[in-house]
Amino acid sequence: MAQRVVVTLFDDMDGGEAAETVAFGLDGKSYEIDLSQTNAKKLRTALAPYLEAARKQSKSGKAYRHTAVSPDPSAVRAWARSHQMDVPPRGRIPKRVYEAFEAFEAAH
């Protein structure tokens with residue numbers, strides 16, 4: 001015997017027919033709300049400025065961090081050699097070399 005189950009969604013805001021279930025989170029809690037196309041658009045429009053300014057979270061739940069990008073080590077080595085600075089051919093470049101390179105870049 002076959003069965004047919006029909007699920008009808010009702011808009012949680014106005015009680016009319018809902019077109020979709022919208023999931024969102026706030027203050028560490030997850031929410032779902034069934035909304036019509038009109039009310040879903042209103043929600044997205046209201047949240048848009050906040051979403052533009054927000055940071056996305058990684059799947060682990062930690063916020064992505066924006067880190068400063070350091071200069072290319074090969075460029076720093078080449079610059080240091082051209083300025084008669086002692087710099088190793090491989091491995092870590094001394095902090096004083098990076099500082100001198102950044103000061104030079106800022107001045108030019």
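Biologist: Is Asp27 buried or exposed?

Modeller: Asp27 is exposed, with a relative accessible area of 72%. Buried means under 20%, exposed over 50% and partly exposed in between, with a 1.4 Å probe and protein chains only. This is a predicted model, where local features need pLDDT of at least 70 and side-chain atom pairs count only at pLDDT 80 or more, while totals for chains, interfaces and linings use all residues. Residues are numbered from 1 along each chain as its sequence is written, and side-chain values use heavy atoms, with hydrogens and water left out.

Biologist: Where does Asp27 lie?

Modeller: In the loop between E1 and strand E2 (29-35). Asp27 has a positive phi of about 55°, although it is not a glycine. Strands (E, at least two residues) and helices (H or I, at least four) are DSSP runs, numbered from the N terminus.

Biologist: And what is the phi of Gln84?

Modeller: Positive, about 55°, and Gln84 is not a glycine. Gln84 sits in the loop between H2 and H3 and is exposed, at a relative accessible area of 69%.

Biologist: At what angle do H2 and H3 pack?

Modeller: About 85°, with the axes of H2 (residues 73-82) and H3 (residues 95-107) 10 Å apart. That makes H2 roughly perpendicular to H3. Axes are lines fitted to C-alpha atoms, for helices over the stretch in contact, and angles run from 0 to 180 degrees between N-to-C directions. Under 35 degrees counts as roughly parallel, over 145 as roughly antiparallel, 65 to 115 as roughly perpendicular and the rest as oblique.

Biologist: Which residues meet there?

Modeller: Pro73, Ala75, Val76, Trp79 and Ala80 in H2 meet Val97, Tyr98, Ala100, Phe101 and Phe104 in H3. Contact means heavy atoms within 4.5 Å. The residues of this contact divide into ten nonpolar, no polar and no charged. Ala, Val, Leu, Ile, Met, Phe, Trp, Tyr, Cys and Pro count as nonpolar, Asp, Glu, Lys and Arg as charged, and the others, Gly among them, as polar.

Biologist: New topic. Asn39, buried or exposed?

Modeller: Buried, with a relative accessible area of 13%. Asn39 is found in helix H1. Leaving aside neighbours within four places in sequence, Asn39 is in contact with Asp11, Met13 and Asp14.
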